[in-house]
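Trainee: I have a model open and want to work through it. Can we take it step by step?

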Amino acid sequence: MKVALVEYGAGNLPSVERALSRLGVESLRAASAAGLTGADAVILPGVGHFGALMRQLAAQGMIAPLQEHIARQRPFLGICLGLQALFAASDEAPDDRGLAVFSSRVAALPATAKLPHMGWNQVQRAGESRLLEGISQDEYFYFAHTYAAMGAEGASVATCDHGTRFIALLERGNLCGVQFHPEKSGSAGATLLSNFLRVAAGATS
Amino acid sequence: MTLARRIIPCLDTDGSRVVKGIQFVQLRDAGDPAELAARYNREGADELVVLDIAASRDHRPTFLETIRRVAAELAIPLTAGGGVAKLDDGRAILRAGADKVTVNTAAIRRPELLSEMAAEFGAQAVILAIDARRRGDHWEAYVRGGHDPTGIDAIAWAKEGVSRGAGEILLTSMDRDGTRSGFDCELTAAVSDVVSVPVIASGGADTPDDFLEVFEEGHADAALAASIFHDNLQGFAMLKRYLAERGVPMRVSA
């Protein structure tokens, strides 16, 4: 199975690589459309600024190829900013357009709680989740973000609460996204990544 | 459902080895950073901080290599810092595998550095480290590893640092550092209550009750300690269970 990690300068790429490597999967870095060719699964890791990410993906010619990968229902996992990139836009960068798989907008968490939302918080699933299989309800994952998605049409979600309830995880077929960092979330994070790899393997076989 | 308070072990290094000191002096060797990091990762630490307290320019590559070795052992977030003077230093630290970078002296000298770092790395990756010492009815910020007083009020500086882009504050009480006499809860609350970002309390940790106190009375979002963890005087599982039983939100699953 070929797992491509989108490389655009995000700081967490090496830790995602290491986390996959501990699960016995050697991933490839993809910095252009060519790097995505033949990928069974694509992971978009992300930290930083929504606008900077989208502009960098555009500069690398990767917007349309990523949209196509997702439209063909190939396995995809967006991490943190990589989840937010699935939406049409973000209040963090009102002039930049996202991958627009979901039509809604990413918004800032309310300032009633301390921001950034930084640290370990609990994730609650409402229904079935392939990514959360074998992980207990209310398990802790590591978050570090200020913006979040509040709704994703057609996706089943798990939520977290920090000032308001927001999307911590979404799944729609083989399309997956997590607002937290599984690569920084200890053994629960490793289980989640291994679940994604199983989803991806199922889709390729 | 609440955000858990964090317990963060800190590795003070001379670039390559973990060292211990009292109130920033009298250093002695306390082990290999990667070995300690692996142990703390396994035992349930919520995050790890590694600092270069010697921070001389010529051995910077050694410290970056230490960050790489430490990051390779972790499945939890890593913060690194010490001697960060410019944007490039921060970039090198993040590229070496840290998730967040701390900045102290250079930010006081040129506060715009915080905004520049936040713009490039995101505020969540920028930690303003403040070393504060009590001066009568207020606290003064010190720089250069606690050597130089600045005349700057630590609370006012914390507020300004956040307005300029710091996403978190690492607040060390120089009066308590290395003394094992408990965190300075008054200082911690004074900062935590006026900033919108999380505050990590540091300096003085000894007993589980010290941690309870800094979360309850100091309003800390995280508590950092070094020697009590290195010397095995305090284990994470026991400490976290103790705090959870007393109502502090803790990640105890690990």
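Mentor: Start with a definition: two residues are in contact if their C-beta atoms, placed from the backbone, lie within 7 Å. Keep in mind that this model is predicted.

Trainee: Among contacts in chain A with a separation of 6 or more, what share comes from residues 24 or more positions apart?

Mentor: Take the contacts in chain A with a separation of 6 or more.

Trainee: What radius of gyration does chain A have, and why does it agree with a compact globule?

Mentor: Chain A has 205 residues, so a compact globule would have a radius near 17 Å. The C-alpha trace spans about 45 × 40 × 30 Å along its principal axes. The radius of gyration of chain A agrees with the globule value, at 15 Å.

Trainee: Which element of chain B do the buried residues of H1(A) pack against?

Mentor: Helix H1 of chain A covers residues 13–22. Its buried residues include A:Leu13, A:Val16 and A:Leu20. Within chain A they pack against strands S1, S3 and S4 and helix H6. In chain B, the partner is helix H2 (60–71).

Trainee: Which element gives the most to the side of chain A that touches chain B?

Mentor: The contact takes 32 residues from chain A and 27 residues from chain B. On the chain A side, H1, S7, S8 and H6 each give two or more residues. The top contributor, with 7 residues, is S7(A).

Trainee: By class, how many residues on that side of chain A are charged?

Mentor: That side has 12 nonpolar and 14 polar residues. The charged residues number 6.

Key: Residues are numbered from 1 along each chain as its sequence is written. Chains are lettered from A and ligands numbered from 1 in the order in which they are written. This is a predicted model: local features need pLDDT of at least 70, side-chain atom pairs count only at pLDDT 80 or more; totals for chains, interfaces and linings use all residues. The radius of gyration is taken over C-alpha atoms; the globule rule is 2.2 Å times the number of residues to the power 0.38. A residue is buried if 20 or more other C-beta atoms lie within 10 Å of its own, exposed if 12 or fewer, and partly exposed in between; C-beta atoms are placed from the backbone. Helices (H or I, at least four residues) and strands (E, at least two) are DSSP runs, numbered from the N terminus. Ala, Val, Leu, Ile, Met, Phe, Trp, Tyr, Cys and Pro count as nonpolar, Asp, Glu, Lys and Arg as charged, and the others, Gly among them, as polar.
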